[in-house]
Each structure stands twice: as C-alpha cells, then as structure tokens.
Amino acid sequence: MLDPTRCGLHAENDRLREIGPLVPVELVGGVRAWAVTRHATLQTVLTDPRVSKDIRHWRAWADGTVPGNWPLTGIVAVEAMTTVDGADHRRLRGLVSQAFTSRRVEALRPRVAQLTNELLDRLAQLPPGPVDLRQEFAYPLPLHVICELIGLPEERRDELHTLTNVLLRAVDTPEQTAIRTGTLHQLLAEVIELRRLDPGDDLTSALIAVRDEDGTKLSEAELFGTVLLMFIAGHETTLNLITNAVRALLGHPDQLALVQGGSRPWGAVVEETLRWDSPVAHFPMRYATEDLEIDGATLHRGEAILASYAAAGRDPAQYGERAGRFDVAAPSPRHLSFGHGAHYCLGAQLARLEAEVALPALFDRFPQLAPAVPLAELEPLTTVVSNSTGTLPVLLGAQRSNGRRAVSGSTR
C-alpha cells in the first residue's frame, strides 16, 4: 500500500523507481492505480492521447468498486478543468486563464511584496522562542493572495483551508469524509452566493457572470468545482513550496550562502526545490482509455494512473548524480512539478512569483534563522497528494541590525 509516512516519501519513491517506471500501487480503501515514477515516463503519460483525465473512463469508478465516499473523491470527481479533456477542458481553462496571464500575475507583485512585509512585521513582534514558520508565514501569504484573486471573504479563509485539507488527506474514514465534504460544499455555496449577490472585481464574480459564445453559463457544478480548484491549487502548492524551500536552505547552509551572497539567484532556489522536493507527491488520477503499453508496462483500458511528481524529480536517469542532492549551483533543472502538456498548471507563474518574493525577504529580515528542532525529526503531512512537513519550527534570531528593510519584490 502506498504510504509515504511509513519510511518517508523520498525513500518510498526510491524504492518505487527501482521497481520500474510504472508500478502498481494500492491507495487507501483498496483502490488500485499505476504510479508513474520516472521523469521520461511521466512526461510521456502526461501527453499521451490514450490517457484521459475524465473519470468516466475509470472502470473501477463506473462499476462501483470505488465508493462515492472514497476519501479522494473530492479531487477525482469534481467538475473542473482538472477532470476533463478536449473541448470541455479548453472551455474551462480559457475562462480561468484570463486571470493568470503573465501581465496580470506580474501586476500582483507589489501586493505580494506588501503582504510579505506585513507578515514579517508580525513575525518580528512574536515573543522569543520557536515559531511555526509554515503556519505563520508560508501559509498566510499564498492564502491571502489567492483569496483576494478569487474573492473569498477573509473571515471564511481559515475554515475553507481546514475543510479542503480533507480532500487531500486520504486518511479519514468514509463517514468522516462525507461529513466534512458536505460542510465544505455548504460553505463554498454560501461564498458563491455572496459573490452572486454582491459581485466584485474577482475571479468568482467573473465566472458567475461569464457566458459561452452560445449564451450558456457555467453549470453550478462547474462553477463550484472551478472555485474549489482555484482555492486549493492557489495556496496549497505554494504553501508547500515555501515550506520545503526554507527547510532545504536551513539544511544546506552552503547553498543558502550562495544565494545570500548573490552568486545564484533566488529563482534557482525555487526551481531546485520544485525538482528536489516537489510540493505535490502523487496526483490522482488519469485513466487509460484503451489497452496500451508504456515503457514495458501493460495497462488495461479503464485502469487509473497516479502522476508521481516527487518521484520523477529525483530520477537519476534524468538528473544523474545530482538527483538526490539539493544543489542551487547546478544548471536550472527541467522538472515536471507543475505538470506538462495541456494540463500544465495555470498558477505556476504566480507560485514562482510568491516564493521568489517571500524567500529573500525572509532571510534578509532574519539572517540568523535556524531550525528549532532537528530537521530530520519533522513529521511529514499525512497525505499522498501533498509533500511537505506539517510544521516548520524555527528560531528567528535577531533581525537585521539596520532594521526593517522594505520588500520590493525583486529577486535579484
């Protein structure tokens, strides 16, 4: 059974890669899938026209083997651009992509810098002692950014985060999942109705108002699924990215010295973290639409496939001897952590921008930042989807002697 908490995600991924490029695994509830463990094979699968994101191709779902209250149902069955292909995918992606153009994302840089400064000020006011940097810094920054972008009221954000974590955990009982998912649906429906009654300059309001060329609006299920997807993808991945990057730098002071000294850009830290410690461990699901053979493995029509991004990021066949080493001095890696092909992550540029603003600002304000416990003792998240630690306790140390230095958003 796939259980990254048993021996550590990367140790388990090493074992899976040794078995083969496509490995049959079992998820919670006895659900079976193929894990794609190697970079070249994953790149092939992500663009293979015989592999679909449409759950209707999943034989175990169609015949009822997978129950409707399976813990990961909220991810695999939501009606959004991550679960459709072809014309439906292009339609839904086209509507959302207007909020993620390069120009619009870059226009958010001053706001990201402002929020970063405010969070650093809050950290500086905390009493001496260990601080959970994941909770106090890595979490609120992307949460505020995406909530402002899609129009979620501030007073509901923490509750939404807690409930959406249910969709990623895959450790709750079916009964617990059903209760919490029902609460999530009710809360998100209330938020959508609020934007319907009081529209603003945000993505949710735009999705409510938009119509296709033939005058058809998004269905309620598509609207709900799209807002939910934007919320989860818009903060969970970046939360893990910032957490993992800080943890990597604290564990590799020689690499931190390279970027602090200016010999390597902070963007190199972001890209190396995305490769070496991908924010996403295994993302479900894709489905074989016909019998096919990929890199020596025979998949049958209707079988499910997991995209194992963290495993592909440390594939020695792709990255050679540096595969398991965090190395910002090496050439910037080509990785698959934001996907590949038609389903490439729309928010990739925004996630990179947030991390490239947050990381140098944090280490500039607190140059003595240090782990409060041995990094090897940090507990991983109990999920097969997200890859990070549940906490990141640090000691901030003294602030830079010349006081608060404003964050400009520059990564140079």
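Me: By class, how many nonpolar, polar and charged residues does the lining of the largest cavity have?
Reply: The model is a predicted one. In it, 47 residues line the largest cavity. Divided by class, this lining has 5 charged, 15 polar and 27 nonpolar residues.

Me: What is the volume of the largest cavity?
Reply: In general, rolling a probe the size of a water molecule over the atoms shows where empty space is left. Here the count of cavities of 30 Å³ or more comes to 1. The volume of the largest cavity is about 820 Å³.

Me: Which helix gives the most to the lining of the largest cavity?
Reply: Several elements each supply at least two residues of this lining, among them helix 5 (73-76), helix 6 (86-97), strand 5 (283-288) and helix 14 (220-251). Nearest the centre of the cavity lie Thr82, Leu229, Ala233, Phe283 and Cys345. With 11 residues, the element that gives the most to the lining is helix 14.

Me: Why is helix 16 described as largely enclosed by the rest of the structure?
Reply: Helix 16 covers residues 266-276. Its buried residues include Trp266, Glu271, Arg275 and Trp276. They pack against helix 2 (9-19), helix 14, helix 15 (253-260), helix 18 (316-319) and helix 19. Helix 16 is largely enclosed because the number of its residues that are buried is 11 of the 11.

Me: Is threonine 383 buried or exposed?
Reply: Threonine 383 has its place in the loop between strand 9 and strand 10. Its relative accessible area is 8%, and the cut-off for a buried residue is under 20%. Threonine 383 is therefore buried.

Me: How far from a polar atom of the side chain of threonine 383 does the backbone nitrogen of serine 386 lie?
Reply: The two atoms belong to a residue in the loop between strand 9 and strand 10, threonine 383, and to serine 386. The distance from the backbone nitrogen of serine 386 to the polar side-chain atom of threonine 383 is 3.4 Å.

Terms used: Residues are numbered from 1 along each chain as its sequence is written. This is a predicted model: local features need pLDDT of at least 70, side-chain atom pairs count only at pLDDT 80 or more; totals for chains, interfaces and linings use all residues. Side-chain values use heavy atoms; hydrogens and water are left out. Helices (H or I, at least four residues) and strands (E, at least two) are DSSP runs, numbered from the N terminus. Buried means under 20% relative accessible area, exposed over 50%, partly exposed in between (1.4 Å probe, protein chains only). A polar contact is a pair of N or O atoms within 3.5 Å; within protein, one must be able to donate a hydrogen and the other to accept it, and residues adjacent in sequence count only if both atoms are side-chain atoms. On a 1 Å grid over the protein atoms alone, a cavity is a set of points where a 1.4 Å probe fits but cannot get out, and a pocket is an open set with protein on both sides within 12 Å along at least five of seven lines; lining residues have an atom within 4 Å of a point. Grid points are joined across faces, edges and corners, and a volume is the space filled by probe spheres set on the points. Ala, Val, Leu, Ile, Met, Phe, Trp, Tyr, Cys and Pro count as nonpolar, Asp, Glu, Lys and Arg as charged, and the others, Gly among them, as polar. Contact means heavy atoms within 4.5 Å.
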